[in-house]
Structures are given as C-alpha cells and as structure tokens.
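Look through the sequence and the model, then read the points below.

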Amino acid sequence: MSCMKISFLVLLISLSLGYFYGDKIHSIVPRHVLKEIESFVPSEVMAWWHGHQAKPATPEKITEKVDQAKKSEPHLFTKEELWKYYRGDKGSKGLYLAFMGKVYDVSAGKTSYQPGGGYDFFAGRDGTKGFVTGDFSDEGLTDVLDGLDENMFGGFKEWQTFYATTYKFIGFLIGNFYDKNGQPTAALKNAESKIKSAMDVEKKRKEESKKYPMCNSESSAAKGSRVWCSNRSGGVERDWVGVPRLYHAPGATHARCACVRNTGPPTEGKDMGKNTGDLNSPYMKEYKNCKPDSPSCVTVPPRS
Ligand code: HEM
Ligand SMILES: *[C@@H]1O[C@H](CO)[C@@H](O)[C@H](O)[C@H]1NC(C)=O
C-alpha cells in the first residue's frame, strides 16, 4: 500500500516534470522507476500523455511526405542493414526505426531516439512488441507478436497512427511483417485483424459503459454500503438518472452495479415503444430489499 502511494507520488512528480522538461524526463526519472509507473498507468492516461506530447503534422509536412512516397519506390531494408547503419550514431546514414514492418525516418525526434536518448533502444530495429508490453530488453523489442493478450492489440493502433502522421515513411523491413519481396505476410494480416477486433471490443465496451453507467457507491463500518445513481455517475453525463441494478454482463467474471434507464423506450429489442427503459435486459438483477424504482439501494445494512 505505501509502495503504491510512493509510486503514485513518483508518477505525479514525473508527469509534472515531463510537462516542463519534456525530453529530459528519462534522465531525471530512472528507467526502472518508469517501468514501475508504466505497469499501473492505465493505457488511457498513456494515450493522453503521448497525445499531449505529439506535435500535429503541418499540412506542408503531409504533402512533403506524399510527394516523397511518389518520387521513389519504398526501400526494402534487411534487419542487419537497419541495425548497422540507422541508429544515428557517428558515421551512420540516418536515424530510422521500424514499426509493424514500416521504416520511418525519426531524425526529427532525435532527442528521443539518438544514442543516449530516452528511447534509443527503438532505433535501428522493429521493436513493435515492446510498444505494448513496455519490455524494452533485446528479447522484448521484437517484431514477433506472440504471447500477447488479444486485448493488448488495440495499443498498436495509436502508435501506428502516430508514426504514420509524425515521421516520414521510408520503406519496408524484411522480417515478420514483410517478406523479401516487400509483400505483407500472413503475420501482418493476422496482427491487423487482431488490432481491428481489439478496437471493436473497445468500442463496444465504451458504448456499453454509456448504456449502463457505473453507480456511485460508499461504504463504511458505521453506515454500511450503499449504491446510487445520479445524472453523471460512472463519469457518464446524461439527461437521465436511472436505477441501480446488479449487472452481470455475458462473459464478464464479475457482476457490477449499473445505472439502468427506467423510463422511455428500450435502447434495443422488440419492446420498442414501451416505457420500460432498459429494465427488461436479462442481465439485470434487482437489489434485495430495495424498491425497484429507488435511485439508491443499501447493499450492506449499517451495524446497529
Ligand atoms: C509502454 C510504455 C511506453 C512506451 C512504449 C513509450 C514510448 C515512447 C516513444 C516511442 C516516445 C517518442 C515519441 C516521439 O517520436 O516523439 C516517447 C516519448 C516520451 N514519453 Fe514515453 N513511452 C512509454 C511510457 C512513458 C511513461 C510512463 C512516461 C511518463 C511518466 C513517458 C514519458 C514520455 C516523455 C516525457 C516523452 C517525450 C520525451 C522523450 O522522448 O523522452 N513515457 N515515449
Ligand atoms: C443533473 O442534475 C443536476 C442537479 O442534480 C442538474 O442541475 C443538472 O441540470 C442535471 N444535468 C442534466 C444534463 O440533466
């Protein structure tokens, strides 16, 4: 617990330092500490943070990139070539990295990627897997995406977009994602389809949390436990309040409290036109000893 608190303090400090000293954060915060932070910072926060960091490409830059692509055939790199000549050290030909088999010129971000930079380990190779695992060891920085949870693939999407819109596309890396003729491999198609499924799942999850927002809750030894709904419970601002129900979603391991709309037509289903809201969903259970239309339910009575 106290470890958690300290880590959180470190997170707050490093986030604010990061805000002011952007590219110096990794010399201030040791990497093992960063790693610790990464293990519990939700991906939304990470996405927000990196969105905050990313500089939007100017229109001129976009045309430049397109023209460049038209001018010359994309180059095909071998892993040896990328590693030997494109890590940005003395005498190298440039500063490149590959993400999902596509090679980008990242010299515009050299403070991060050049030797000694906070992310120098991404240079000269395809370390796609490390972008979602946070494992920046040589074994972790690989283009083979095995052993990953299906739901982690969503994390690749942001980085894919980030590199495509921030840096110049140079060519393809012969490896797990492109074959020696520069053609996409089955592994790439597989990864792309997993990314798409993960995004679909994420989208469903977001829609669901809007349909069935979380309840507010409080509990103490003296007062017992209580769940209740308000027009912004679960962080979902809405024009209805709803009533608390125990919601066991299909496939979910736990039931949770959901605020369910109790007036108006159902969101979906054949009952259209009825004034039941979503109360007829088969996954909802009423709380014991609580009026079905009460916006607040006691789940554990106070000790008397
Ligand atoms: C899985 C975890 C992480 C990955 C894969 C990751 C990856 C990256 C990459 C590739 C860049 C360079 C982006 C560019 O081209 O401009 C970057 C920049 C940055 N990241 Fe992260 N990051 C991670 C976690 C974190 C965390 C937890 C923090 C903050 C506490 C952080 C703070 C920064 C900062 C301040 C920069 C900009 C300056 C710099 O390059 O050092 N990152 N990150
Ligand atoms: C939410 O409730 C508050 C008072 O409880 C009210 O002032 C506000 O207008 C409501 N918002 C919406 C969107 O209905």
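Phe 131 lies in helix H8, which spans residues 128-133. Helices (H or I, at least four residues) and strands (E, at least two) are DSSP runs, numbered from the N terminus. This is a predicted model: local features need pLDDT of at least 70, side-chain atom pairs count only at pLDDT 80 or more, and totals for chains, interfaces and linings use all residues. Residues are numbered from 1 along each chain as its sequence is written, while chains are lettered from A and ligands numbered from 1 in the order in which they are written.

**Around Phe 131**
- Phe 131 is buried, because 22 other C-beta atoms lie within 10 Å. The cut-offs are 20 or more such atoms for buried, 12 or fewer for exposed, and partly exposed in between, with C-beta atoms placed from the backbone.
- Leaving out residues up to four places away in sequence, Phe 131 touches Gly 155, Phe 156 and Trp 159. Contact means C-beta atoms, placed from the backbone, within 7 Å.
- Phe 131 and Phe 156 are 25 residues apart in sequence, yet their C-alpha atoms are 7.2 Å apart.

**The open sheet**
- Three strands form an open sheet, in the order E8-E7-E9, with antiparallel pairing. Strands pair if DSSP finds at least two bridges between them.
- Strands E8 (256-260) and E9 (284-285) each have a single partner strand, so one side of each is left without a neighbour in the sheet.
- Two bridges join E7 (residues 243-247) to E9. Leu 246 has Lys 285 in E9 as its bridge partner.

**The whole chain**
- The protein chain has 10 helices and 10 strands.
- Of its 304 residues, 23% count as buried.
- Among contacts in the protein chain with a separation of 6 or more, 55% join residues 24 or more positions apart.

How values were computed:
Two residues are in contact if their C-beta atoms, placed from the backbone, lie within 7 Å.
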